[in-house]
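Subject: Structure for you to look at

Hello,

Here is the structure I promised. Please open it next to this email and follow along.

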Amino acid sequence: MDFALNDDQLALQETARRFAQNEIAPAAAGFDQSGEFPRDIIRRSWELGLASTCIPQDHGGVGLSSVESCIITEELAWGCSGMTTSIMANDLGLMPIVIAGSEAQKKEWLAWAAAEFRLIAFCLSEPNAGSDVAGLQLRAEKDGDHYVLNGTKCWITNGGVADLYTVFATLDPTTRHNGVVAFMCPSDLPGITKGKKEDKMGQRASDTRVIHFDNVRVPAALRLGQEGEGFKIAMRTLDRTRPPIGALATGIARRALDESLAYAKERKAFGFPIAGFQAVQFILADMAKDIEASRLLTLQSAWMVDRGGRASKHSSFAKCFATDTAMRVTTDAVQVFGGNGYTKEYPVEKLMRDAKLMQIYEGTNQIQRLVIARELMKG
Ligand code: COS
């Protein structure tokens, strides 16, 4: 077993780290406050080869492995998780094409996504179907060589800015999993309207919206896989995108530790830096230990994804453990900063707000435990 990164991976890590330190982190508080979408920074991530990384080289992409994607994601998230979520949403939206696109679809659409800076969004959740994917209601009705889509998606990252949506619909809601079908929908198709941007607690730089589909005619040539395969395409996508979520959470937590360490060495109480007190040292030690464990679980799950086969259990281990860790570590960081930590003068309250979303999106941590338990029951 070799835990060392190779030279290519170290170079990628360095590129992402420098970008996060020099361009993302300095802008993070401003975009958190304004809630604007940082298009230029997201574009820059693409120019550096740090976005849409799942597009294989054969189709003009950078073709990073899941392990490599996790390495860069941790670095980017150290700078700002809201921006990193926007970057990652491209891979989430592209993954169904990578997994289920025909050769002709990949040749056309992955090459299209690689050729220029594009934004992609994954449209799965609905107002009444978040955890229960098979309960989705957005209807697809066949009409000649088109499908007609009607319904509403919500919590769509990149929703207001995407050029392409990957959309999951049902041919018949009574058939649950068996009726789900996936499509690629260019965002300028007539009948697609974007709702207002959600005013979120954290990760405020990411653009999260409701998207309405009103008699949207999608050519049958844009269907991914066969009718009825959509549910499994969505599940296989999430198996592959949950390790990077573990990495994103690890980046948030690592930033919280870095900030806490620096502050604890400076801040004095009873005449001494608080880093000298065991009560604070134990908090810092627990942070460091759990961050290391998050990284290891994340990289292990990514390695399993790269080997092929189903990595559901390990992806859920990583997503659940790393995001719960990020919540705990960022809450403890606010504690180390005391009253200062509770103000916007210092960076840790943002980290705590940002971390909360990690326990909710890409499958709540209750759903991750359900996936793990079901895998255990299989024996
Ligand atoms: N890979 C491939 N196939 C899978 C799979 C996976 N990871 N998970 C389930 N399946 C298959 C099952 O094997 C089953 O196949 P058969 O019908 O051929 O037997 C089918 O899909 C139905 O699976 P299951 O019965 O487990 O489905 P449930 O409705 O019970 O739902 C959960 C499973 C809850 C795990 C799923 O709905 C889920 O992941 N929800 C959270 C969604 C989410 O993450 N949303 C976030 C929004 S996206 S940012």
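**The β2–β3 hairpin**

Gly-144 takes a positive phi near 65 degrees in the hairpin of β2 and β3, which has two residues between the strands. Strands here are DSSP runs of E with at least two residues, and helices are runs of H or I with at least four, all numbered from the N terminus.

Some ground rules. This is a predicted model, where local features need pLDDT of at least 70 and side-chain atom pairs count only at pLDDT 80 or more, while totals for chains, interfaces and linings use all residues. Residues are numbered from 1 along each chain as its sequence is written, and side-chain values use heavy atoms, with hydrogens and water left out.

**Strand pairing**

Strands β2 (residues 139–143) and β3 (residues 146–157) run antiparallel, joined by five bridges. Two strands pair if DSSP finds at least two bridges between them. Ala-140 has Leu-149 in β3 as its bridge partner. β3 also pairs with β7 (residues 208–219), antiparallel, over nine bridges. There, His-146 partners Pro-219 of β7. β7 pairs with β6 (residues 192–197) too, again antiparallel, over four bridges. Lys-194 has Ile-211 in β7 as its bridge partner.

**The ligand**

Now the polar side chains. An N or O atom in the side chain of Asp-239 is 2.8 Å from a nitrogen atom of the ligand. Arg-242 places a polar side-chain atom 2.8 Å from a ligand oxygen atom.

**Salt bridges**

The count comes to 25 salt bridges (a side-chain nitrogen of Lys or Arg within 4 Å of a carboxyl oxygen of Asp or Glu). One joins Glu-47 and Arg-44, at 3.8 Å, N to O. Glu-47 and Arg-44 are three residues apart in helix α2 (residues 39–47), so about one helical turn separates them.

Best wishes

Technical notes. A polar contact is a pair of N or O atoms within 3.5 Å; within protein, one must be able to donate a hydrogen and the other to accept it, and residues adjacent in sequence count only if both atoms are side-chain atoms.
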